[in-house]
Amino acid sequence: MRPFEDLLKESVAQHGHLCAGQVIGVRMSMLGCKLIGIENPKSDGWRKKIMVFVEIDRCATDAIQSVTGCSMGKRTLKFRDFGINAATFLNLETGEAYRIVSTEESRKLAELYASEEPDLARRQLIGYQQMPDADLFHVQEVNVRLEEWEMPGPARRKTTCERCGQIVRDGREVIQDGIALCRPCSGLGYFEANAPDVDCHLAGGLH
């Protein structure tokens, strides 16, 4: 694994600014990779053997993506919206996995490492870089329930929504009263349509 300073610099360049979340994400990734026996997750020999589950959509997740090279497009970065600053690192070859949680106690402990710094954000930024992993994280060895259609590669399962006809991939359909539906048709969508479909020609599309 490359030095922490190099990984943090690269992550900050991608994320856009230096913050405590970047430090946590980089350190979390370094520890997670070490625990599952992956030295350089971006190298050809390792990049197809790692999968990461993130549980929050905040700064640390960008850092995890930067360090590990995992991404949603490659199907190696999975988002579970739990609102917890945590990630699980899985070695797809061995099945070994560890869930790493950023501890709430570390916020207070950061003061011990930068007590002379008056600004709270600065104390955390400095403290998170210096405190040992045992103070910064809680670690559990876990078993990850991973369905076949969640693996990287082509879609292993496709279902047609019986209401709108949309193809739903990777086991994301919903069964209601014995009928397969996409999530919007099942009432689980994140949006509500305001009007009929927009004519792309009228909207000034490219063609």
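**Figure 1. Confidence along the predicted protein chain.** In this predicted model, confidence within the protein chain is lowest in helix α4 (residues 105–113), where the mean pLDDT is 85, and highest in strand β3 (residues 86–91), where it reaches 98. The protein chain has an average pLDDT of 91, and 96% of the residues score at least 70. Where pLDDT is low, predicted coordinates should not be read in detail.

**Figure 2. The open sheet and its strand order.** The sheet consists of 5 strands in the order β2-β1-β3-β4-β5, and their pairing is mixed. At the edges lie β2 (77–79) and β5 (137–141), each of which pairs on one side only. From one strand to the next, the twist averages 20°. Strands of a sheet pair through backbone hydrogen bonds, in either a parallel or an antiparallel manner.

Figure 3. Strand β1 (residues 50–54) and β2 run parallel and are joined by 3 bridges. V52 has L77 of β2 as its bridge partner. Helix α2 (residues 20–35) packs on the sheet, where it touches β1, β3, β4 (97–102) and β5; the direction of α2 makes about 155° with that of β4. Helix α3 also packs on the sheet, touching β1, β2 and β3, and its direction makes about 175° with that of β1.

**Figure 4. The packing of helix α1 against helix α3.** Two packed helices are described by the angle between their axes and by the distance between the axes. For α1 (residues 4–15) and α3 (residues 59–68), the axes come within 9 Å and cross at roughly 120°. This angle makes α1 oblique to α3. The crossing in which α1 passes α3 is right-handed. On the α1 side, the contact is formed by L7, E10, S11, Q14 and H15; on the α3 side, the contributing residues are C59, D62, A63, S66 and V67. Sorted by class, the contact of α1 with α3 comprises 4 nonpolar, 4 polar and 2 charged residues.

**Figure 5. The packing of helix α4 against helix α5.** The axes of α4 and α5 (residues 120–130) come within 8 Å and cross at roughly 90°. The two helices, α4 and α5, are therefore roughly perpendicular to each other. From α4, residues S106, R107, A110, E111 and Y113 take part, and they meet R123, Q124, I126, G127, Y128 and Q130 of α5. The contact of α4 with α5 divides into 4 nonpolar, 4 polar and 3 charged residues.

**Figure 6. The packing of helix α2 against helix α5.** Helices α2 and α5 pack at an angle of about 15°, and their axes are 8 Å apart. Accordingly, α2 and α5 are roughly parallel to each other. α2 passes α5 in a left-handed crossing. In α2, the contact is made by A20, V23, I24 and R27, while α5 contributes Q124, L125, Y128, Q129 and Q130. By class, the contact of α2 with α5 has 5 nonpolar, 3 polar and 1 charged residues.

Notes: Residues are numbered from 1 along each chain as its sequence is written. This is a predicted model: local features need pLDDT of at least 70, side-chain atom pairs count only at pLDDT 80 or more; totals for chains, interfaces and linings use all residues. Side-chain values use heavy atoms; hydrogens and water are left out. Axes are lines fitted to C-alpha atoms, for helices over the stretch in contact, and angles run from 0 to 180 degrees between N-to-C directions. Helices (H or I, at least four residues) and strands (E, at least two) are DSSP runs, numbered from the N terminus. Angles under 35 degrees count as roughly parallel, over 145 as roughly antiparallel, 65 to 115 as roughly perpendicular and the rest as oblique. A crossing is left-handed if the near helix is turned anticlockwise from the far one by less than a right angle, and right-handed if clockwise. Contact means heavy atoms within 4.5 Å. Ala, Val, Leu, Ile, Met, Phe, Trp, Tyr, Cys and Pro count as nonpolar, Asp, Glu, Lys and Arg as charged, and the others, Gly among them, as polar. pLDDT is the predictor's confidence in each residue, from 0 to 100. Two strands pair if DSSP finds at least two bridges between them.
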